[in-house]
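Subject: Structure handover

Hi,

Here is the structure we talked about. Please open it first, then read on for what was found.

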Amino acid sequence: MQKALTDTALHQELEPIAELNVNRHLATTKDWYPHDYVPWDRGGNFAATGGVDWSPEQSQLGEVAKAAMITNLLTEDNLPSYHREAADSFSMDGAWGAWVGRWTAEENRHGIALRDYLVVTRGVDLVELEQSRVEHVTNGFAATAEELEKHDSAFLMSIAYVTFQELATRVSHRNTGKICGDPIADRLLQRIAADENLHMIFYRNMCGAALDLSPDQALDGVAAVVENFRMPGQGMPNFRRNGVLMAKHGIYDLRQHMDEVVMPVLRKWRIFERNDFSARGEARRDQLATYLNELAANVVRFEEQRDKLLAREAMKRERQVS
């Protein structure tokens, strides 16, 4: 049985690798500016400054695109919670602090750009959006006590979680851009998705290094995250309704979660090929494999149910037209 390391020891051992990956990120990422991605000529004053307030017919976004844009923006808006969680888990010292600061600045840019686009294009009800932002940020986001009790390292739980979460967010942003029906929105969301991918690579590299450093302990964190994964938008107003719409229309569904998020990352870490786990680690890996088999079965059931639902809705629309 391998000896578990404290979070302090993990931070210290992984600090040089964090520094390398911060430098890699800074050398790879490209600066961009929200104002270059917003169609300012579509804008106009609201009633308080002599114009007209929002009304539904002003929006060019469909119901699904609205739900996805609101969900994505409110997720980005909860950055104060994420920053606090990152600072607590990774520390604000040395390379870790440099990363937390840079990551926070880049994530904040996403929220700025998305909100500017929605305000200028009047894509959603902006009063309702602001009310939801205040409620969501007030409630915040944090790992539950039950999640933390399942593992002895908040650091490893966090580094594993953000790996999957950043990739999931990338998928959601990219598919949202496609469904908006606006090339400007698509370009903006492609740009944000590219950032999320680079963030994912940083965390994936760090979690991979943790697996090399303390295999059993890191695997336990990875497995706990996979088995209990929840998107950071959990708890925002209308999250369930909007999430169902997004899943039903292929923006982020169970198949994408398994095929585009969970399995590619596990393969990158060679979870099922590694031979450096102890007997305890191998037993934990078997538990993860069992969960993944159950997830695959759930994916098939979800797709069958979704296809039936979409077929019924299509038939209903045909009857209404005829």
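Start with helix α9, residues 215-227. The model is predicted, so every value here is computed from it. Helix α9 has 13 residues. At 1.5 Å a residue, they should span 18 Å. The end C-alpha atoms are 18 Å apart, so expectation and model agree.

Is α9 enclosed or open to the outside? Of its 13 residues, 12 are buried, so the rest of the structure largely encloses this helix. Among the buried ones are Pro215, Asp216, Leu219, Gly221 and Val226.

Now the aromatic rings. The count is 11 aromatic pairs. Take phenylalanine 90 and tyrosine 203. Their ring centres are 6.0 Å apart, and their planes meet at 40 degrees. Planes under 30 degrees apart would be stacked and over 60 edge-to-face, so this pair is tilted.

Last, look at two arginines. The charged end of arginine 122 lies over the ring of phenylalanine 46, 3.9 Å from the ring centre. Arginine 187 has its charged end over the ring of tyrosine 37, at 4.1 Å from the centre.

Best wishes

Conventions
Residues numbered from 1 in each chain as written. Predicted model: local features only at pLDDT ≥ 70, side-chain atom pairs only at ≥ 80, totals over all residues. Heavy atoms only, no water. Phe/Tyr/Trp six-rings, centres within 6.5 Å; stacked < 30°, edge-to-face > 60°. Lys NZ or Arg CZ within 6 Å of the ring centre and 35° of its normal. Helix = DSSP H or I, 4+ residues; strand = E, 2+ residues; numbered from the N terminus. Expected span 1.5 Å × (residues − 1). Buried < 20%, exposed > 50% of the residue type's maximum accessible area, 1.4 Å probe, protein only.
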